[in-house]
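Here's a quick walk through one protein chain, starting with the overall fold and then stopping at a few residues. Keep the model open while you read.

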Amino acid sequence: MTSWTLQEMPVPSSLDAPDAALLHGLVDAQNAVVRAEWGTDDFTTTARRSLSRLQHQEYQRRVRLLAVDPAADPADPASVLGFACLDLPQRDNTHTGWLEIGVREEHRGAGVGGALHEAALDVARAAGRTHLMAETDQAVEPAPGPSTLAAPTGEGRVAADAAGVRFALARGWRLEQVARHSRLTLPVDAAALEAHRVAAVAAAGPDYRAVTWEDATPDAWADAMAELRTRMSTDEPTGGLAVEEEHWDAARVRALDAEYAERDEHRLTTAVEHVPSGRLVAYSGFMMPPHTQDFVWQEDTLVLREHRGHRLGMLAKTVQLQALVARRPQVRRISTWNAEENRWMLAINVALGFRPAGGTGVWQLTL
Ligand SMILES: CC(C)(COP(=O)(O)OP(=O)(O)OC[C@H]1O[C@@H](n2cnc3c(N)ncnc32)[C@H](O)[C@@H]1OP(=O)(O)O)[C@@H](O)C(=O)NCCC(=O)NCCS
């Protein structure tokens, strides 16, 4: 029989400090859940990333609640049976929180998840939060039918009998949106990619120019990137989620750059400058995680509303992909998530060769 105690994880001073054992257990449990869901190591995390996020809480307070086997050796990562990670924004969206709950497969159905859920809700309420968001993952999107739950956006479904879906529904959560996971396998057809880029350059015309950089944001673009990130938080479709615009300034852009550097996570960014105004009006970013040489995350892609319709999304993404192929020829897989109702973004991805590969239900709970 599974028995457990709940505790809040301390923030260790380093990865080999005596009190870092629980952090290694958390990461081991998170990776077990991710592998079970997706059947790949691509989306796993590292202890270094986890610690770095805990050491920087100026923009997000991060609470980690663990269900620990009291009979196990605390130095054994397997002593952590399940986790609830609650991220509480501090500068904007202070009515919200993002919750991630996971339980190792061999310890499910014994109440561990339910106990973590209750404890996390207590923390969220004490922090004055009224809306929590969470995600459930699926490696395959189910075909329409009675055993599925459709997003209220009208696009995308989750399987009604999946463990996470049942768990969320039983606790009053509402499905707000479904995001599609799209996967691109490399190498890509270089001629077809170049043809897409040339067509996008022609459609965009001389007023727009792509710029690419690796890692930290160049000084000249720090304010412009802050503006783009602010707009990213609400310009992409957010379904019925109670999210407000995030507040970004150059200092926050710099802080994020420093965190990526500390974690040895490399980024490739392509932005589009509107030449007459000198503003950045679009961007697309890759993140190259340190735990693998052949997988890359496609992070944000945004074209400001007032500059849409000029093929700037295709321009940024083709320039970005060509830069990746030139700088990291060993990459074999790229993954990205987009709202199922975001058909403009999905159309670009499909044209570039991305294929649907399951996705994520986005849920909200009103406290
Ligand atoms: C969702 C998840 C966290 C649930 O963890 P769990 O430890 O199995 O959760 P619980 O045991 O508290 O509840 C799960 C089920 O076990 C049942 N249960 C609870 N206590 C039980 C007990 N003592 N004995 C038997 N069953 C029990 C619950 O009623 C629930 O049943 P349901 O699935 O029909 O609703 C787990 O399946 C998981 O990690 N999934 C992948 C990650 C994920 O989807 N997370 C997002 C959740 S919003």
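Helices (H or I, at least four residues) and strands (E, at least two) are DSSP runs, numbered from the N terminus. With that in hand, Q30 sits in helix α1, residues 21-38.

## Ground rules

The model is predicted: local features need pLDDT of at least 70, side-chain atom pairs count only at pLDDT 80 or more, and totals for chains, interfaces and linings use all residues. Residues are numbered from 1 along each chain as its sequence is written, and side-chain values use heavy atoms, with hydrogens and water left out.

## The whole chain

The protein chain has nine helices and 14 strands. Its radius of gyration is 21 Å, close to the 21 Å that the globule rule gives for 367 residues, so the chain is as compact as a globular protein of that length. (That radius is taken over C-alpha atoms, and the rule is 2.2 Å times the number of residues to the power 0.38.) Along the principal axes, the C-alpha atoms fill a box of roughly 65 × 50 × 40 Å.

Buried residues account for 50% of the 367 in the chain; buried means under 20% relative accessible area, exposed over 50%, and partly exposed in between (1.4 Å probe, protein chains only). A contact means heavy atoms within 4.5 Å. Take the contacts between residues at least 6 apart in sequence: 72% of them join residues at least 24 apart.

## Surface and charge

The accessible surface comes to about 16100 Å², and carbon and sulfur atoms own 52% of that. These areas come from the Shrake-Rupley method with a 1.4 Å probe; for residues, only the protein chains shown count as cover.

As for charge, the chain carries 37 positive and 50 negative ones, and their mean positions are 4 Å apart. Lys and Arg count as positive and Asp and Glu as negative, while His and the chain ends are not counted. Each charge is placed at NZ of Lys, CZ of Arg, CG of Asp or CD of Glu.

Leaving out residues up to four places away in sequence, Q30 touches T45, F83, C85 and E100.

G313 is in helix α8, and at 10% relative accessibility it is buried too. With residues up to four places away set aside, G313 touches V303 and I348.

## D300 and its partner

D300 is found in strand β12, residues 295-303. Its relative accessible area is 24%, so it counts as partly exposed. Beyond residues up to four places away in sequence, D300 touches R229, M232, Y283, S284 and G285.

Which side chain makes a polar contact of 2.8 Å with D300? That's Y283. A polar contact is a pair of N or O atoms within 3.5 Å; within protein, one must be able to donate a hydrogen and the other to accept it, and residues adjacent in sequence count only if both atoms are side-chain atoms. D300 and Y283 are 17 residues apart along the chain, with their C-alpha atoms separated by 7.6 Å.

A cis peptide bond joins L186 and P187, with omega about 5 degrees. P187 is in the loop between β8 (174-185) and α5 (190-204).

D264 isn't a glycine, yet it has a positive phi of about 60 degrees. D264 lies in the loop between α7 (250-262) and β10 (266-274), and is partly exposed at 35% relative accessible area. R311, also not a glycine, has a positive phi of about 60 degrees. R311 is in the loop between β12 and α8 (312-327), and is partly exposed, with a relative accessible area of 40%.
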